Amino acid sequence: MKIKNLLVLPALVATLFFSSCEQKEETAVAKNEVSEMTLAQIAQLGFSKNNVQKVDGGYLVEGDILLTDKDLNENTMVQALRVGESEQYRTTNLVTVGSTTRTIYVAVSTSLPSTYVAAVDEAVRRYNAENLRLRFQRVSSGYNILFTAAPAGSTYLASAGFPSGGNPYNRVQVNSSYLGSNPGTNYLATILAHELGHCIGFRHTDYMDRSYSCGGGYTNEGASTVGAIHIPGTPTTADPNSWMLACIGSGVNRYFNSNDRTALNYLY
């Protein structure tokens with residue numbers, strides 16, 4: 001997620017790593033070194049070992065995905081997969097919906113600028129417009145997911161984790177220090193919708209090759225024995241407009257494309 005990433009800082013190429021995931025993998029870690037044993041556990045789960053960062057609560061991998069120590073010591077995410085070139089992927093952990101619908105309640109922390117509320121509302125609107133069995137609603141209390149400010153000095157645009165126990169990951173950290181008080185509603189909503197995608201079990205669409213979304217050489221995020229399961233009906237060729245690409249250009253508004261809708265409807 002570099003300048004083309006939604007989640008990483010622009011020093012690396014405006015991407016999701018520093019936006020949502022913009023330039024995440026470009027950030028070098030000078031302190032809080034990660035042990036070789038931890039890197040091995042991360043690789044075993046199928047995530048990239050490049051530029052892993054030690055952060056509050058665990059380890060940031062692939063620019064905007066948070067893995068906790070519990071994640072690293074569990075085997076529930078490990079299973080054989082079908083690996084393709086550039087397909088939509090999900091983890092083995094999803095949100096339990098039931099036979100009807102389930103509403104996920106989201107809230108915005110006061111640590112974020114008040115202008116971010118509009119972007120959260122837009123991200124929620126985008127999901128709800130798809131008429132999925134999984135719905136989102138912004139609340140002031142009793143939330144399932146909290147949008148909050150990332151720690152000072154963070155080198156990612158935003159970060160989130162994966163579902164656990166049938167529930168969504170409960171926190172999205174947003175680098176408001178970098179993004180500023182008014183980054184643009186649609187651009188910020190694109191970043192936040194991407195992070196919500198992680199919270200409900202989606203991995204990066206360009207899992208097998210980030211070169212077409214983040215620039216540079218071919219980069220494979222991880223091994224073929226992890227929670228990166230191909231979603232039937234999605235393409236086996238590059239999909240440069242997916243909302244779950246690892247990188248995105250600064251200011252870009254990326255809505256769900258037809259393949260994203262196929263993936264969302266297949267899971268939820």
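Let me begin with a term: a contact means that heavy atoms lie within 4.5 Å. Among the contacts in this chain between residues at least 6 apart in sequence, 67% join residues at least 24 apart.

What you see above is a predicted model, in which local features need pLDDT of at least 70 and side-chain atom pairs count only at pLDDT 80 or more, while totals for chains, interfaces and linings use all residues. Residues are numbered from 1 along each chain as its sequence is written, and side-chain values use heavy atoms, with hydrogens and water left out.

The chain has eight helices and ten strands, where helices (H or I, at least four residues) and strands (E, at least two) are DSSP runs numbered from the N terminus. Of its 268 residues, 57% are buried, and here buried means under 20% relative accessible area, exposed over 50%, and partly exposed in between, with a 1.4 Å probe and protein chains only.

Let us turn to helix α8, residues 258-267, in which N259, D260, A263, L264 and L267 are buried. These residues lie on the same side of α8, because they cover an arc of only 140 degrees around the axis, the arc being that of the directions from the helix axis to the C-beta atoms. At the start of α8, the backbone nitrogen of N259 has a side-chain oxygen of N257 within 3.0 Å.

Finally, consider D121, which lies in helix α4, residues 116-128. Is D121 buried, partly exposed or exposed? D121 is partly exposed, with a relative accessible area of 31%. D121 and V108 are 13 residues apart in sequence, and their C-alpha atoms are 10.0 Å apart in space.

Methods:
Polar contact = N/O pair within 3.5 Å; in protein donor to acceptor, adjacent residues only side chain to side chain.
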